[in-house]
Amino acid sequence: MVQALPPISSLSRSVLTFLDDNLRSADALEQASGLVSELQTRCADLDQSLLDLNRRLELNLFAYASYSDRIGGLFGDVNSKLYDLCSSTRISGSQSDGRGSEGVERSEQILGEELPSLAKEVARVETVRMYAETALKLDTLVGDIEDAVSSTINKNLRKYASTRDSESLQDMRLLAIKALKLAEDVLASITKTRPQWARLISAVDHRVDRALAILRPQAIADHRGLLTSLGWPPTLSTLSFSDSDATKQAAVRNPLFTMEGDLKHQYCENFIALCSLQELQRQRKSRQLEGHNREVALHQPLWAIEELVNPISIASQRHFSKWVDKPEFIFALVYKITRDYVDSMDELLQPLVDEAMLSGYSCREEWISAMISSLSTYLAKEIFPICISQLDEVNDSSIRSQGSISWLHLIDLMIAFDKRVQSLVAQTGILTSLQEDGNLQKISSLSVFCDRPDWLDLWAEIELNDIFDKLNPEMENERNWSTKIQGVLSGVEDYKSPAISSAFLRRLSSVVDRSRSLPTISLRSRFIQLTGVPIVRKFMDGLLLRCQEAEGLTALTDDDALIKVTKSINAAHYFESILKEWCEDVYFLEMGLNHQLESSSIEWSVEGDGNGIFDEEIGKLQEFRREWVEMLSTVVFRGFDARCRDYIKNKKQWQEKVEEGLIVSKTFVAALDYMQGKMSVLQVGLNGEDFVGVWRSLAAGVDRLIFNGIFMGNVKFHDGGVERLGSDLAVLYGVFGAWCLRPEGFFSKITEGLKLLKMGKKKVKDSSTIGERWLKENGIRHLSVDEAEKIVRNRVHTK
């Protein structure tokens, strides 16, 4: 007998929807037996789930009953003790009139011993009650989580899945995530308020971890299935590298923009669920790593964005393998993909991340970061090893040379690519936040050197060799040493530097510019130490070699040798001034501070209080200038000394009368003429600041020479001799007056010695009257008492 179908009016809306979804055509009736089997299976599963829920409910009720009985017993004990306490108090009060001291002692015993003990017992009971309630609550939440996870597993194992099944599966996943969040809130509260319940937290964490180990892979697998249904990844062979109408073309090809209806709803719900899971995982890690360095573990790449990038990366590598010898195509393709789909991250996916309350994430940033990460991984595995194999070629120098060229070309491409990528993020303000957070390596292909510092050392070596190959011909070109830099001033000072210093600074500046592309301060600091510092040292070595050659050939006696040394000093001073200006920049200050913190990572010694990366080189340049400025002063002084020897030895001239019309000594004038000629050469060739150092050093030497040779030389000074000496010194002051306003101040000893000689006989009655006080009263501040007494004793007054 065939059973009649029930009337349609008696069927519920859910049943009608189910029949419409599965029996739309006559052909679908052939699958009716399979549908019946599936319904029977579902019913069996639901019956089993109901039995499991009943069993769990029974266990929870039993546990709650046992906890209630235990707590009831504890409260009974408390009530009994409180009753005994009240009775004892009444008894002791009634007996206090008769027994005075005994009543007081009993009260003190109750207040001092029994009452605190009772309070502790009450607190213990309250703690047990709270522990029981919390454990029961957590057990219920974890049970809900496990049930939801079990249900999602059963639904995923079904052979036939309809849209309704997918919605039901997503609802179960959302319920599991909600229960997970509630459990995590409870655990976070316990961690802060009850840290002694560590075993309870550990037990719950263990069960939750097992649930998450199932839930996350399920959500990711469903997400991948949805992406496949959307047609992701798009076909890369249709990409055009032209920038015209790029946005319009990308919008047409972008499956994220074209999805609609139930598929779009499912994708958005799954995306939100995945983000919620990640936020939950972040909260759990934050709690578990409390008190430790949590930043590394907390900010992980966005899982949903990684699922978008991974299939594109796999598809791209099929093209990359054809372009191993043309890496510029690899960078062009990656940039094209990154740029074409970045707008959909802002417009479509970022609102979903915000809805999931996943804080601290930008879909635009995560998309760019994931694309660059996949590129860096491919470069590290495939491209760099090829270059290194060429560099390791022992027998063929041409292959090694080609390896160096390929390496530098690859670095140029990476730097150019990073600049283009940074322009993508600069307009949103993300770049500024990345720079502030020190996370530029997330959007830099050069982050490959973070994991391979040995490759950075290799790059620095190749870069340095290339720069030296270009600098050597420029150093050998004599015109670069004779031609001055035109129109280049540092502040208001013209250092008269030769063109060779500009050539070195250009190369050093290029190294600094390339270092700016590196994503971390430590990498920049190391690259400049390995590349920039050797350039400065090579420059100093070249300057020193030229000065030593000039000194070795003529002992700096001819003007050409002096000019050669002055040019080296000028170059050093100009180079030093530029390095100082650079080191005042924040970029170099950060590297200097980082170098102080990591000074053990490379051989380095910083002198003084500075922490700049070029401080040692600046100090060496200053020392070089001081040494050779002193050398120039010494050379001129030696020539002057040789020509003054007869003049100083002639002691009789200070006792003779001055001939009419002849006041200045000829030999002294000849020596001054020599000195003035040499100083004129130095003044023309040397920069102003270092020339001041030369003539001041020379003045100090001349002052010592004349003072020790004449004033302290046991010479008797008559009136005519004093007049002659005054005239000679006036000519000396005149020579140095061309370079300063008051030259007498730089010849302190001979000026004060002449002042003593010119004092009248009455003012200096006897040398025994000279003392510290007398010297100060007469303005003598640079001579000792013994020196002053000797000069006064050698004065012979003839009038």
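Leaving aside neighbours within four places in sequence, which residues is Pro519 in contact with? They are Leu440, Gln441, Ser444, Leu446, Ser447, Cys450 and Arg524, where contact means heavy atoms within 4.5 Å. This is a predicted model: local features need pLDDT of at least 70, side-chain atom pairs count only at pLDDT 80 or more, and totals for chains, interfaces and linings use all residues. Residues are numbered from 1 along each chain as its sequence is written, and side-chain values use heavy atoms, with hydrogens and water left out.

**The chain overall**
- The chain holds 28 helices and 0 strands. Helices (H or I, at least four residues) and strands (E, at least two) are DSSP runs, numbered from the N terminus.
- Of the 799 residues, 43% are buried. Buried means under 20% relative accessible area, exposed over 50%, and partly exposed in between (1.4 Å probe, protein chains only).
- Take the contacts between residues at least 6 apart in sequence: 78% of them join residues at least 24 apart.

**The core**
- The largest nonpolar core has 204 residues. Such a core is a set of buried Ala, Val, Leu, Ile, Met, Phe, Trp, Tyr and Cys residues joined through side-chain atoms within 4.5 Å.
- Helix H12 (residues 363–391) gives the most to this core, with 14 residues.
- Trp407 and Phe449 are among the residues with the most contacts inside the core.
- Beyond its neighbours within four places in sequence, Trp407 is in contact with residues including Phe384, Leu391, Phe449, Trp455 and Ile462.

**Around Pro519**
- Pro519 sits in the loop between helix H18 (499–515) and helix H19 (521–554).
- Pro519 is buried, at 4% relative accessible area.
- Pro519 and Phe449 are 70 residues apart in sequence, yet 9.1 Å apart in space, C-alpha to C-alpha.

- Helix H10 (residues 303–320) has 18 residues and reaches 25 Å from its first C-alpha to its last. That is close to the 26 Å expected, a span of 1.5 Å times one less than the number of residues.
- The buried residues of H10 include Trp303, Glu307, Ile312 and Phe320. H10's buried residues pack against helices H5 (198–230), H7 (255–258), H8 (261–288), H11 and H12.
- Asp340 lies in helix H11 (residues 327–355). Asp340 is buried, with a relative accessible area of 6%.
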